Amino acid sequence: MAAPPATSPAAASSPCARLPSAPLGRSPAAVSFPSRPRPAALAARAGPSRRLDVAAAAAAGHQKLMGSLTSNEGLRFGVVVARFNEVVTNLLLQGALETFERYSVKAENITVVSVPGSFEVPITAQKLGKSGKFDAILCIGAVIRGDTTHYDAVANSAASGVLNAGLSAGIPCVFGVLTCEDMDQALNRAGGKAGNKGAEAALTAIEMASLFQHHLG
């Protein structure tokens with residue numbers, strides 16, 4: 001019987017020494033993992049995306065509340081307008097009054113109060129709101145940046161003041177005060193290229209007054 005070929009000590013101790021090969025014809029065993037069911041949310045996402053429309057939401061029991069621009073019978077509005085930068089605020093007021101008329105708000109249901117500047121607008125709006133005579137207050141003014149920090153003080157006070165007036169009075173107080181870098185920007189937003197922000201604020205006032213009267217009152 002022939003003796004096995006001799007192996008040198010260096011080859012036996014080498015880390016590269018060959019290991020005995022596995023028998024031919026045997027494939028590695030397949031390893032399987034238990035599958036977990038996909039969550040319903042993931043399965044839903046996998047399908048085509050569908051948008052839940054208002055009708056489906058109503059059918060599911062949801063209720064959507066929204067003010068109307070046409071259901072404004074008897075709604076009363078207070079308009080507080082600042083005289084400072086009057087060339088701008090007059091145009092904003094004109095846009096607001098034209099919008100009220102376009103949406104059938106009667107002139108006798110609109111009260112316009114003139115104040116010196118935008119800083120005086122919030123306290124006046126709060127007073128009108130607490131009087132119980134109005135369904136919404138529209139606040140109109142124009143603050144234009146100058147060479148000092150006065151602009152920042154007035155703009156910030158007007159914005160936070162109108163917000164607090166509405167929260168305090170419990171009725172919508174709509175912010176229609178322009179805060180612009182220069183006169184050109186202000187005029188562009190008072191009937192120029194950027195529309196009339198007074199008219200836009202009047203639309204907001206009508207819708208919010210309707211929402212409060214018909215749904216949240």
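T89 counts as buried (under 20% relative accessible area, with exposed over 50% and partly exposed in between, using a 1.4 Å probe and protein chains only), because its relative accessibility is 0%. This is a predicted model, where local features need pLDDT of at least 70 and side-chain atom pairs count only at pLDDT 80 or more, while totals for chains, interfaces and linings use all residues. Residues are numbered from 1 along each chain as its sequence is written, and side-chain values use heavy atoms, with hydrogens and water left out.

**Around T89**
- T89 sits in helix α4; helices (H or I, at least four residues) and strands (E, at least two) are DSSP runs, numbered from the N terminus.
- Setting aside neighbours within four places in sequence, T89 has contacts (heavy atoms within 4.5 Å) with V81, A82, R83, F84, I140, G141 and A142.

- Not counting residues up to four places away in sequence, F100 touches F77, V79, V105, I110, L138, A202 and I206.

**How α4 meets α8**
- The α4 and α8 axes (lines fitted to C-alpha atoms, for helices over the stretch in contact, with angles from 0 to 180 degrees between N-to-C directions) come within 7 Å and cross at roughly 40 degrees.
- That makes the pair oblique, since angles under 35 degrees count as roughly parallel, over 145 as roughly antiparallel, 65 to 115 as roughly perpendicular and the rest as oblique.
- On the α4 side, L92, G95, A96, T99 and F100 meet K197, G198, A199, A202, L203 and I206 of α8.
- The residues of this contact split into seven nonpolar (Ala, Val, Leu, Ile, Met, Phe, Trp, Tyr, Cys and Pro), three polar (the others, Gly among them) and one charged (Asp, Glu, Lys and Arg).

**Two positive phi values**
- N85, in the loop between β1 and α4, isn't a glycine, yet has a positive phi of about 60 degrees.
- N85 is buried, with a relative accessible area of 18%.
- S104, in the loop between α4 and β2 (110-115), is another residue other than glycine with a positive phi, near 65 degrees.
- S104 is exposed, at a relative accessible area of 56%.
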